[in-house]
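Me: I am new to this structure. Please show it, and then let us go through it step by step.

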Amino acid sequence: MNARVFRDTYGVPHLQAGDPLALVYLQGVNAARDRAWQIELERRRYLGTSAAFLGPDAAGWDVFARQARLADTAQRCFESLDDETREWVTAYVEGVNHALPGGASRAPEFAETRLTLQEWEPWTPLGIWLAVHVLFAGFPTKLWRTHVARQLGEDALDLFTSEGPHGAGSNGWLIPGSHTASGQAIVAGDPHRYIESPGVYQQIRLTCPEYDVLGLAVPGIPGLAHFGHTGGVAWAITNAMADYQDLYAERLRRTATGVEALCPDGWKPAAAHREVVEVAGADPIEVEVIETERGPIIQDGISLRYPPRVTGRLGFEVMAKLLRATTVADVDSAFDEWVEPVNVVLAADTAGGLLHRTAGLVPQRHASNRMRVVPAWEAEHQWEGWYDPMPREDVNGPVVMANARELAAPLGVEFAAPHRSDRIRELVNARDDWSVDDMPSIHKDTFLGSAGFVLDLLIDLEDLSTQAVALRTELLAWDRHMDAESTTASSYAALRKALIARLTDHFTILEDAEVAELFAPWMDPLTHVSYALENLVAANLPEINFGWLAREALEEVAAHKPRPPWGETHQLSPLHALRGPVFARDEEPYDLALSGDHHCVMSTSSLPGLTDMCIRASAARYAWDLADRSASRWVVPLGASGVLGDPHHHDQLPFWLSGSLAPAVAATSREDRGYSVEVDGFGTVRLEEADPERDLDLIHEWVTAERATYWGMGGLSRDEIAATYRFLDSVPTHHVYVVRLDDAPVALLQTYDPQADPAGAAYDVKAGDLGLHLLIAPGDPQPGFTGNLLQALAEFVFVQLGHPRLVVDPDVRNTRAIDRFHRTGFTLGPEAKIPQPDGSTKTAQFAFLTKAQFLSSKRSGTRDYS
């Protein structure tokens with residue numbers, strides 16, 4: 001199979017290669033080209049070195065990353081992988097290392113922060129995975145509960161239960177064939193995450209002889225862990241809301257030799273050392289890293305125990321196995337090895353197999369461990385093995401997973417309120433002829449099931465102003481849909497915000513909790529009142545007159561009528577580490593108004609007591625069709641590219657804002673996957689992927705011609721040449737293109753990765769180098785022809801492919817070619833001997849052209865194209 005990267009209408013990469021290692025290498029290359037800033041930022045975060053270029057705002061995270069030992073844990077987990085998985089992950093990292101310099105040259109954030117590249121370690125994907133998910137189980141909430149119990153008493157420990165995820169959640173539903181028009185299942189949903197720029201998911205297709213998988217990748221991570229469709233089976237996950245991380249209060253003492261911690265069986269040595277966090281624009285921070293038998297100290301006197309640190313496993317073995325899955329049984333078996341985070345899994349296959357299970361590691365321990373910080377020196381709080389078997393259930397009809405207290409209830413403490421789950425279940429059970437085209441009607445449903453508990457407070461209010469009576473009448477008649485155009489939805493949101501503000505005033509004693517900087521957001525009373533509002537109202541606290549608070553809130557909002565539409569204040573605000581914009585300077589911004597709300601199926605979350613701006617919502621939406629994978633649909637909030645100004649940076653945003661889905665299989669034909677560039681006064685230069693069968697006559701004629709003497713293929717037979725180009729077509733490191741000028745074939749271009757070519761052993765290879773061989777077709781010489789052609793090819797290498805440096809290695813006897821390259825701006829390098837395809841050896845004259853040199857001379861017009 002040929003090794004190729006091509007893109008569909010939306011710039012989504014479709015990768016194909018001859019084997020899984022070549023394919024995952026290409027996936028790494030693609031991640032570096034499309035998401036260089038994003039993945040390098042995530043790498044620096046797991047290492048705890050992001051403040052060195054982001055400044056003081058990132059220092060709190062870096063201190064935590066060092067103290068939690070994320071980097072060391074990632075390396076341990078990598079070393080515990082089986083040989084095959086380690087090789088697979090390493091191939092991905094090699095692809096990243098090769099393409100990252102080119103990707104970085106396209107991403108403006110590198111220049112803005114002056115961030116310089118470093119080579120990725122083989123375990124970097126595991127470190128990124130840890131950094132992305134270590135807060136998923138919400139262990140900082142245990143700091144909050146401990147604080148509440150201290151200030152308000154043990155009876156208040158559950159008072160602020162939100163039954164709602166503070167950080168991440170998802171919708172997912174499986175509609176079996178009994179409820180679809182096709183008779184085959186549909187798996188659909190949308191993971192809820194903070195909406196980041198670039199996006200946290202990357203649409204991708206991975207194809208090799210062993211499998212062909214469509215899905216959502218996490219940039220920096222090989223494979224498709226969460227959402228995929230292999231043709232035979234499709235799967236999806238949501239956060240199980242399990243509790244699998246514990247916080248321990250440690251008693252530490254200094255000794256002559258170091259630090260000791262009090263354990264159930266006495267004082268034991270703790271590992272301790274110091275590290276320095278560099279901070280741009282501020283003094284460095286010295287960090288003491290201490291680890292007890294429970295785990296690393298993550299703030300003064302409190303240690304964190306989490307499964308990957310305990311077991312040395314993350315579950316990365318599952319990643320490659322999922323790609324090979326063809327049945328539900330394959331998916332089920334693969335997830336048996338899953339560790340972090342704990343998920344609920346749905347899957348369906350074309351044979352009618354259905355799956356609904358949890359996956360991951362959850363420790364067995366004392367019930368109080370789940371609620372709060374517990375004493376490390378008491379034996380009853382030690383872990384006692386793992387929860388086994390993990391909950392699962394047989395599927396007999398439509399299944400919904402929305403982080404609610406259902407299948408995963410034995411594994412956790414706080415779950416999502418049932419509003420999303422109940423609404424999706426109501427919708428999917430309403431008919432039995434669903435199709436993938438119908439899925440947006442569920443994805444974008446805006447009914448707010450939680451509105452009732454606030455509206456009920458208004459019913460019996462007395463002594464209201466005329467304006468307040470009118471507003472109450474309007475709200476009680478409202479259909480409870482949070483639509484962007486609705487002014488009533490906006491009034492409801494304003495009422496809720498006013499109620500939350502007044503209620504928070506009753507809990508000022510909970511302000512100013514002393515925690516590490518990173519955990520401060522988890523200790524904000526306004527945040528907790530916002531998410532726990534339903535529970536607080538239901539608790540009917542005797543010291544709080546909710547009727548009075550509701551009356552005051554209603555009067556406040558009524559006095560400020562009319563309200564603008566909900567979408568005017570409920571706007572998408574993607575997070576970017578440098579607060580970068582969504583739109584480039586030369587683009588016309590458009591409205592980012594959103595429908596939905598936290599408890600809607602179209603979950604577009606704000607912080608209800610503070611702002612209407614939306615920072616958390618569907619990080620992707622998908623609908624997998626088991627009847628016809630090509631009919632599947634998906635969308636992401638922004639686009640395939642993480643580079644501002646790229647045509648595919650946010651071209652899916654209009655679909656996402658409206659709740660629509662785009663075709664998941666929208667690939668163009670091979671003939672349409674070329675690259676064209678106009679060269680003034682020369683014509684249209686087009687590069688098309690060579691086909692070893694279709695183009696063999698042309699290739700054989702050109703490489704055996706007398707003018708191709710220096711190519712070293714003149715002595716090869718037609719069959720040998722065919723075999724050579726079939727091989728080049730099968731590997732991800734070498735590519736062959738037929739170059740056309742105004743539709744006429746004029747040259748053969750071959751590119752190669754010097755790290756996978758004999759040429760690479762003959763010079764000092766730099767990361768991101770791309771080698772080039774150019775063979776001009778036989779014909780009459782034309783003035784300026786080669787120079788103009790080289791200009792077009794340089795555009796292709798530097799702009800389209802994003803490589804930072806171009807390498808050529810003509811035979812030293814080919815003085816015309818050497819002179820041509822030199823006049824075009826190449827810098828001559830060393831001479832060296834390189835083996836040739838026919839078994840001979842050539843002495844090559846290396847020459848180099850950097851992207852900076854090319855662009856500079858292009859702007860100044862100093863390059864000689866004659």
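Me: How do strand S30 and strand S32 pair, and over how many bridges?
Reply: This is a predicted model, where local features need pLDDT of at least 70, side-chain atom pairs count only at pLDDT 80 or more, and totals for chains, interfaces and linings use all residues. Residues are numbered from 1 along each chain as its sequence is written, and side-chain values use heavy atoms, leaving out hydrogens and water. Strands are DSSP runs (E, at least two residues; helices are H or I, at least four), numbered from the N terminus, and two strands pair if DSSP finds at least two bridges between them. S30 (residues 805-808) and S32 (residues 841-850) are antiparallel, over 4 bridges.

Me: Which residue of S32 is the bridge partner of Val 808?
Reply: Look along S32 for the residue bridged to Val 808. That partner is Ala 847.

Me: Which are the edge strands of the sheet?
Reply: The open sheet has 8 strands and mixed pairing, in the order S25-S26-S27-S28-S29-S30-S32-S31. An edge strand here pairs on one side only. The two are S25 (675-679) and S31 (827-835).

Me: What angle does the direction of helix H24 make with that of S25?
Reply: H24 (residues 785-800) packs on the sheet, touching S25 and S30 among others. Axes are lines fitted to C-alpha atoms, for helices over the stretch in contact, and angles run from 0 to 180 degrees between N-to-C directions. The value is about 130°.

Me: Is Val 344 buried or exposed?
Reply: Val 344 lies in strand S16 (residues 343-349). Buried means under 20% relative accessible area, exposed over 50%, partly exposed in between (1.4 Å probe, protein chains only). Val 344 has 6% relative accessibility, so it counts as buried.

Technical notes: Contact means heavy atoms within 4.5 Å.
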